[in-house]
Amino acid sequence: MNIETIDAVRKDWDTYFMDIAYMVSTRSRCPRRHVGAVLVQGKKLLGTAYNGAPTGVQDCLEAGCMIAEEIEMKLIDGKEQPIKKQRCIRTIHAEQNLLLFTDRTDREGSTVYVTDQPCWTCANMLANSGVIEIVYHRSYPKDSDKVVNLMVQKGIIFRCLNHFEPPAQAHMVVTS
Ligand SMILES: [Zn+2]
Ligand SMILES: [Zn+2]
C-alpha cells in the first residue's frame, strides 16, 4: 500500500470516535433504539456506554420494551397537532450510563461523541457534567430547540456530523 492509499482510508478524529460510538451501540439490547456514547479527552478514549437496563435487571429482549405513550405536538401543514408517540423507557440512556461510569475529573474539558442527538434530560445532565463539547450524528427533533438553546447558554460546542456514514457492522433494523 502506498502513502496516498493509506492517507485515503485514514479516518479523521471525528469519524474515528463516532465509528467507535456506533460500534458501542451494537451492545444495546433494546430493539427500538441502539445508542452509543464515548468520552474523549484530547485524543484519549476515557469511557464508553450504551442504552440499557440496569445490570442484573431484565432487559428489553428478556422482558420486552417498556412502552410509554406520550402526546407530542407536531407541526403538520402549518398547524400544531397532537401526535401519539410510543417510547421505550426501560433503558438508562447511553449518555446517562456514560456519566455513571466515568469520573468527574475525566469529564472536565472533554468531548462526548454520541450516535444520537441527546434528549432533553441527557442534555441537561451533560450540561452539568464538565464536558465542553458534544458531537452527535442522528438528529432528534423532539427536543432539539430547547437542547440547542441550553448548549448556547452553557457555551458547550454542539456539533452534528452531517456527512458521517455509520460503519456497516453497526446497522440495525429499527422497529419503531
Ligand atoms: Zn426497549
Ligand atoms: Zn437521553
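A residue counts as buried here if 20 or more other C-beta atoms lie within 10 Å of its own, with C-beta atoms placed from the backbone. This is a predicted model. The report starts with a helix, then turns to the sheet.

In helix 6, the buried residues are Cys122, Ala123 and Leu126. Their arc around the axis spans only 100 degrees, so they sit on the same side of helix 6. The general rule for such spacing is simple. An α-helix has 3.6 residues a turn, so residues three or four places apart point the same way.

What covers these buried residues? The cover includes helix 4 (94-100), strand 5, strand 6 (133-138) and helix 7.

Helix 6 spans residues 120-127 and helix 7 spans residues 141-154. Their axes come within 9 Å and cross at roughly 5 degrees. Angles under 35 degrees count as roughly parallel, which means that helix 6 is roughly parallel to helix 7. On the helix 6 side, the contact involves Trp120, Ala123, Asn124 and Ala127. Helix 7 answers with Asp143, Lys146, Val147, Leu150 and Lys154. By type, the residues of this contact are five nonpolar, one polar and three charged.

Five strands make up an open sheet, ordered 2-1-5-6-7, with mixed pairing. Strand 2 and strand 7 (157-160) lie at the edges. Each has a single partner strand, so one side of each has no neighbour in the sheet. From one strand to the next, the twist averages 20 degrees.

How do sheet strands hold together in general? They pair through backbone hydrogen bonds, either parallel or antiparallel. The pairings in this sheet are listed below.

| Strand pair | Sense | Bridges |
|---|---|---|
| Strand 1 and strand 2 | antiparallel | six bridges |
| Strand 1 and strand 5 | antiparallel | four bridges |
| Strand 5 and strand 6 | parallel | five bridges |
| Strand 6 and strand 7 | parallel | four bridges |

**Strand by strand**

Strand 1 covers residues 36-41. Five of its six residues are buried, so strand 1 is largely enclosed by the rest of the structure. Strand 2 (residues 44-50) runs antiparallel to strand 1. Strand 1 and strand 2 form a hairpin with two residues between the strands. In that hairpin, glycine 42 takes a positive phi near 65 degrees.

Valine 38 has its own bridge partner in strand 5, tyrosine 113.

Strand 5 (residues 111-116) pairs with strand 1. How many residues of strand 5 are buried? Six of its six residues are, and strand 5 is mostly covered. Threonine 111 has glutamate 133 as its bridge partner in strand 6. Further along the sheet order, isoleucine 134 has phenylalanine 158 as its bridge partner in strand 7.

Helix 2 (residues 13-25) packs on the sheet. Which strands does helix 2 touch? They are strand 1, strand 2, strand 5 and strand 6. The direction of helix 2 makes about 140 degrees with that of strand 1.

Note on methods. Residues numbered from 1 in each chain as written. Chains lettered and ligands numbered in written order. Predicted model: local features only at pLDDT ≥ 70, side-chain atom pairs only at ≥ 80, totals over all residues. Axes fitted to C-alpha atoms, helices over the stretch in contact; angles between N-to-C directions. Parallel < 35°, antiparallel > 145°, perpendicular 65-115°, else oblique. Contact = placed C-beta atoms within 7 Å. Nonpolar A, V, L, I, M, F, W, Y, C, P; charged D, E, K, R; others polar. Buried ≥ 20, exposed ≤ 12 C-beta atoms within 10 Å, placed from the backbone. Pairing = 2+ DSSP bridges. Arc of directions from axis to C-beta.
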